[in-house]
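This briefing accompanies the sequence and the coordinates displayed below.

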Protein chains: 2
Amino acid sequence: MTDKTTAYQRLETQFHDICVLEDTIQVLHWDQATVMPSGGAVARAEQLARLEVMRHEKLTAPGLADDLAAASEAAEMDVWPAANLREMHRIRKKAVAVPADLVAAHSRASSLCEFAWREARPADDFSAIVEPLGELLELTRAIGAARGEALDCSLYDALLQDYEPGASSAYIDPLFDDLAGFLPDFLEDVLTRQTAAGEPLSPEGPFSTEAQRALCRQMAETVGLDFDTARVDESAHPFSSGVPEDSRITVRYNEDDFGEALMAVLHESGHAMYERGRPEDWRYQPVGRARGMVLHESQSLLLEMQACRTQEFYHWATPALRDAFDGDGPAWTRDNLLRWATRVERGFIRVDADEVTYPAHVILRYRLEKAMLDGDLALPDLPAAWNDGMKDLVGVVPPDDRQGCLQDIHWYSGAWGYFPTYTLGALAAAQIFQAATASDPTILPSIQQGNFKPLMGWLREKVHGHGSCHATDDLIHQTTGAPLAADAFKAHLRQRYLDG
Amino acid sequence: MTDKTTAYQRLETQFHDICVLEDTIQVLHWDQATVMPSGGAVARAEQLARLEVMRHEKLTAPGLADDLAAASEAAEMDVWPAANLREMHRIRKKAVAVPADLVAAHSRASSLCEFAWREARPADDFSAIVEPLGELLELTRAIGAARGEALDCSLYDALLQDYEPGASSAYIDPLFDDLAGFLPDFLEDVLTRQTAAGEPLSPEGPFSTEAQRALCRQMAETVGLDFDTARVDESAHPFSSGVPEDSRITVRYNEDDFGEALMAVLHESGHAMYERGRPEDWRYQPVGRARGMVLHESQSLLLEMQACRTQEFYHWATPALRDAFDGDGPAWTRDNLLRWATRVERGFIRVDADEVTYPAHVILRYRLEKAMLDGDLALPDLPAAWNDGMKDLVGVVPPDDRQGCLQDIHWYSGAWGYFPTYTLGALAAAQIFQAATASDPTILPSIQQGNFKPLMGWLREKVHGHGSCHATDDLIHQTTGAPLAADAFKAHLRQRYLDG
């Protein structure tokens, strides 16, 4: 027993370092996306690649395997250490399947392709990115193939594990099929109703970056961040990073439409609040880390789409928005601003999409990324396939690749398998928000006062504070009384867009 | 032979990772000093401590010792690999003397004390920092004692090795004694002459931060940086960091005196240019790293004090300064601006000191830090000892600790043993600049045109490009024809302040 305890303690020490390496990698990524001069790209790629390999070396060290075996024989463990040990096994199993050289090559290719994308996107030059993207795709396939063999699953399911442990196409497909069956007719109904009611008025800009920056800060503070422990910066693609006491979220400012930054800061603040609520005692252990991107996205979308597009939120936010931009007139009434924030339209850009069309954007990417990985879609054909898919699924065709297949950072940074988590997260967000507001009737009236404490308190207790102790579906079941399904999401859409 | 080559190759792989860890640690330090919210301090301390330990673990791994032994038996090696191997030995020897726990504790204490200093300094509250500083001092002494035993040198000399390999009190003392004998009378003569000539006029502010920022950018570009591969930011204490293609320099802006930021940007650009000139083929090997802080400071001071306080520089810079601040009138003539930039006065702040009084600031810190380490000066007595020393050495007493013993970051971040390198660097700067201008007569006329290419080309060839291939004194001897001495520095001072 003493021996086994020691093995577990050694594991905690090793995984502490692994977690610190992951946090460090995040600092480097944040720096790269927000402040790094372009000339630093190659050196940064080298730093990231070597740190990834150091993490991999720690995970694949023979001593770790021995300690895992020894610790697993311990007769009794408390819930948290037992879950921690389970996570250690899972993470190691995923790592040992992939050779260190491939980890390094993939990391380096990701950094360089991401950097090339930062130039190709504004230049609308897909051809410039085909070669680095092709190299990255090949390395990603090699990782997926190696890991799929070890985990006895498909290449695609193997890649999903980087974003959502336990996810699979078999899990995703029925949920997406359910939505795909529901949404097209629903969208038609919503658009018809919206047209009949009259389109909402757009607040007229320009909206200075300075004023938007102040508004974003106010919004982040309102939902629970404070600026002794957080920053809001700008990047080409909004994201959330950092550690619980040093949240780093980013947005991008469009002086013609403050709604983009407003929704981004609420979305990214939801991610940051999840990280901040992770169990403090397990901060540097696998069980104390975020469960996966489905819950992560559920928290960002819960804030952005569920809580902050309600009558209650706009009751509080309308005066704040008017103050921020000296807004006045019919576009700046509470009713119009809420209708404007919840307007539905067939658009080109995923991150700006409303929640009715958003799943179609994700389903397109899900199909395309599987086709790329299966070899059914050659990269030079991606723009055309994208545009065809947009026509089928969303009903519009982007005028250029910048607003088409170049818009998202994911593939260009090596993240094949990430996209489905957005829509799974949207389903989870609806289901969890429904449970939260049913369980605590003060949540919505508090939001009407600009007070997010009841909501965030509930989420911390029911979701954030569990870290990786439970599987995603178990946590959702435990928190909402049912496994993840599309029902709550569909009910929410009907209520907001047809019955509201 | 094959076996020995392999050992050396394995060493290169290991040291590549060690260098990447060092670069990563620099990114974290830069982030901490410039953008990190205060709440991130504890997590950052943890990251830095664990990365320091990972570096230490790599340096002290048994395999490394075996490979070093095997590689050293190789019959013939080229100059660069041989120097690289020598550096590997040196670095490992320094590391193995100190246990990993002490490395971690010292790193953590450094981060936390530095963070406390960031609050104590503006609050002028030395008492608030005594406890963390005391802990840090004890850990620093423990490192110095352990390493001194292994390297067979004094505790202080052991600490010097972190900043200047091969330095010792025995090397420093005669040079400092030479200066201490020369400077007091010289200072009197300079002040008398300056009074007789009439004090220069101070350009009158306020000088907007925005205009200073633009000026700093222009100056950095003029001496050789470009903003695809560099950034200039703000921090409480100016510093230079980053990697060759991603220089990160910082300044601080005083709206009453643009000279502070101007001199800081030239100083830090000198550091950055040194890093940028390191030998590209050896970027991630010990022999390709900067030699030490004496050469580093020689490069910053060569730019700040030698090249950029000349008639030639002000010929070019005067119109730029007038443009930057809409300067006009008698304070803005070339003659007055140069006299203002080279005015000598007994002041409180080291980083703002002229080159005549600067060594006295350093000698004070050298004496005090040795006394602290020897146990002859208790920390609560530091402010009084500081003020006494300022009276003796500089001739003025600071009105508060903010302008006294709290002004510099060094001790508060664990850097005992760093200060002497400033004055050794000033001597080297004078000696190298004398050699450069004698060897290439186009250097000064080019500076007069705002063209630093001849100077930087010469420095790259003679200094930067040698990395750590030679010992500091050997490089200086080879570059200037003589070992480091105070002669050139004294001749420079006489020429500029008495004969000029």
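The model is predicted. Its largest nonpolar core has 275 residues, and the contact between the chains takes 28 residues from chain B and 28 residues from chain A.

**Helix packing in chain B**

- By class, the contact of H11(B) with H16(B) comprises 14 nonpolar, five polar and one charged residues.
- The crossing of H8(B) and H20(B) is left-handed. H8(B) contributes Phe182(B), Phe186(B), Asp189(B), Val190(B) and Arg193(B), while H20(B) contributes Lys490(B), Leu493(B), Tyr497(B) and Leu498(B). Six of the residues in the contact of H8(B) with H20(B) are nonpolar and three are charged, with no polar residue.
- In the contact of H14(B) with H15(B), Ala360(B), Ile363(B), Leu364(B), Arg367(B) and Leu368(B) of H14(B) meet Ala385(B), Trp386(B), Gly389(B), Met390(B) and Leu393(B) of H15(B). The residues of this contact divide into eight nonpolar, one polar and one charged.

**Contact between the chains**

- The contact takes 28 residues from each of chain B and chain A. Helix H1 (2-34), helix H2 (41-60) and strand S1 (230-234) of chain B each supply at least two residues of the side of chain B that touches chain A.
- That side of chain B has 13 nonpolar, six polar and nine charged residues.

**Nonpolar core**

- Within the largest nonpolar core, Val265(A) and Val265(B) are the residues with the most contacts.
- Apart from neighbours within four places in sequence, Val265(A) is in contact with Cys216(A), Met219(A), Ala220(A), Val232(A), Ile249(A) and Val251(A).
- In soluble globular proteins, nonpolar side chains tend to be buried together.

**Selected residues**

- Tyr366(A) lies in helix H14 (residues 358-374) of chain A. Tyr366(A) counts as buried because 21 C-beta neighbours lie inside 10 Å, the cut-off for burial being 20 or more.
- Not counting residues up to four places away in sequence, Tyr366(A) touches Phe176(A), Phe419(A) and Pro420(A). The C-alpha atoms of Tyr366(A) and Gly417(A) are separated by 7.6 Å, although these residues are 51 residues apart along the chain.
- Asp323(A) is placed in helix H12 (residues 311-325) of chain A and, with 13 C-beta neighbours inside 10 Å, counts as partly exposed. Its C-alpha atom is 9.4 Å from that of Leu215(A), 108 residues apart along the chain.
- Ala97(B) belongs to the loop between helix H4 (79-96) and helix H5 (100-123) of chain B. With 19 C-beta neighbours inside 10 Å, Ala97(B) counts as partly exposed.
- Beyond residues up to four places away in sequence, Ala97(B) touches Ala146(B), Arg147(B), Ala150(B) and Leu151(B).

**Backbone features**

- A cis peptide bond, with omega about 0°, joins Gly205(A) and Pro206(A). Pro206(A) is in the loop between helix H8 (169-197) and helix H9 (209-223) of chain A.
- In chain B, a cis peptide bond joins Gly205(B) and Pro206(B), again with omega about 0°.
- Asp152(A) has a phi near 55°, a positive value in a residue other than glycine. Asp152(A) lies in the loop between helix H6 (130-151) and helix H7 (155-160) of chain A and is exposed, with 8 other C-beta atoms within 10 Å.
- Asp152(B) likewise has a phi near 55°, and Asp152(B) is exposed, with 8 other C-beta atoms within 10 Å.

Note on methods. Residues are numbered from 1 along each chain as its sequence is written. Chains are lettered from A and ligands numbered from 1 in the order in which they are written. This is a predicted model: local features need pLDDT of at least 70, side-chain atom pairs count only at pLDDT 80 or more; totals for chains, interfaces and linings use all residues. Ala, Val, Leu, Ile, Met, Phe, Trp, Tyr, Cys and Pro count as nonpolar, Asp, Glu, Lys and Arg as charged, and the others, Gly among them, as polar. A nonpolar core is a set of buried Ala, Val, Leu, Ile, Met, Phe, Trp, Tyr and Cys residues joined through C-beta atoms within 7 Å. A residue is buried if 20 or more other C-beta atoms lie within 10 Å of its own, exposed if 12 or fewer, and partly exposed in between; C-beta atoms are placed from the backbone. Two residues are in contact if their C-beta atoms, placed from the backbone, lie within 7 Å. A crossing is left-handed if the near helix is turned anticlockwise from the far one by less than a right angle, and right-handed if clockwise. Helices (H or I, at least four residues) and strands (E, at least two) are DSSP runs, numbered from the N terminus.
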